Amino acid sequence: MDIKMTTDIILPSSGMGIEEATIVRWLKSIGDEVSEGEIVVEVETAKATVEIEAPASGRLATIVAPVGKTVEINAVIGTIEA
């Protein structure tokens, strides 16, 4: 039995009272290999564009929040399968 571990990509808090951000650009597509710490998505808050790193190495399995979607801090925006 092949058990796959899934890790959520979470929109982190950038402080400064920011409560939400908009997905600007995914740098990886579903199925692409990613390395932990690699930038996978860019989001825009009211104050800045922020790069989000992959929390684990593996394959980008899902994109929950597509480009243009506004999401709240701590929301799952994608998943990585190891």
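Begin by selecting Lys28, which sits in the loop between β2 (20-26) and β3 (33-34). The model on the screen is a predicted one, and every distance in this tour is computed from it.

**First stop: the surroundings of Lys28**

Keep Lys28 selected and display the residues around it. Apart from its neighbours within four places in sequence, Lys28 is in contact with Glu33, Val34, Glu38, Val40, Leu60 and Ile63. Turn to Glu33: its backbone oxygen is reached by the side chain of Lys28 at 3.5 Å. Then turn to Glu38, whose side chain is joined to that of Lys28 by a polar contact of 3.1 Å.

**Second stop: Lys28 and Glu38**

Select Lys28 and Glu38 together. What kind of interaction do the side chains of Lys28 and Glu38 meet in? They form a salt bridge, with 3.1 Å from N to O. Lys28 belongs to the loop between β2 and β3, while Glu38 belongs to the loop between β3 and β4, so the pair ties together parts that are 10 residues apart in sequence. Glu38 has 25% relative accessibility and therefore counts as partly exposed.

Select Arg25 and Glu42. Their side chains meet in a salt bridge of 3.0 Å, again given from N to O. This pair links distant parts of the chain: Arg25 is in strand β2 and Glu42 is in strand β4 (residues 39-44), 17 residues apart. Display the surface at this point. Is Glu42 buried or exposed? Glu42 counts as buried because its relative accessibility is 13%, and the cut-off for buried is under 20%. Arg25, at 43% relative accessibility, counts as partly exposed.

Finally, select Arg59 and Glu81. Here the side chains meet in a salt bridge with 2.6 Å from N to O. Arg59 is found in strand β6 (residues 58-63) and Glu81 in strand β8 (residues 76-81); the pair links distant parts of the chain, 22 residues apart. With the surface still displayed, examine each partner in turn. Arg59 counts as partly exposed at 29% relative accessibility. Glu81, at 21%, also counts as partly exposed, since that class lies between the cut-offs of 20% and 50%.

Definitions and conventions: Residues numbered from 1 in each chain as written. Predicted model: local features only at pLDDT ≥ 70, side-chain atom pairs only at ≥ 80, totals over all residues. Heavy atoms only, no water. Helix = DSSP H or I, 4+ residues; strand = E, 2+ residues; numbered from the N terminus. Polar contact = N/O pair within 3.5 Å; in protein donor to acceptor, adjacent residues only side chain to side chain. Contact = heavy atoms within 4.5 Å. Salt bridge = Lys/Arg side-chain N within 4 Å of Asp/Glu carboxyl O. Buried < 20%, exposed > 50% of the residue type's maximum accessible area, 1.4 Å probe, protein only.
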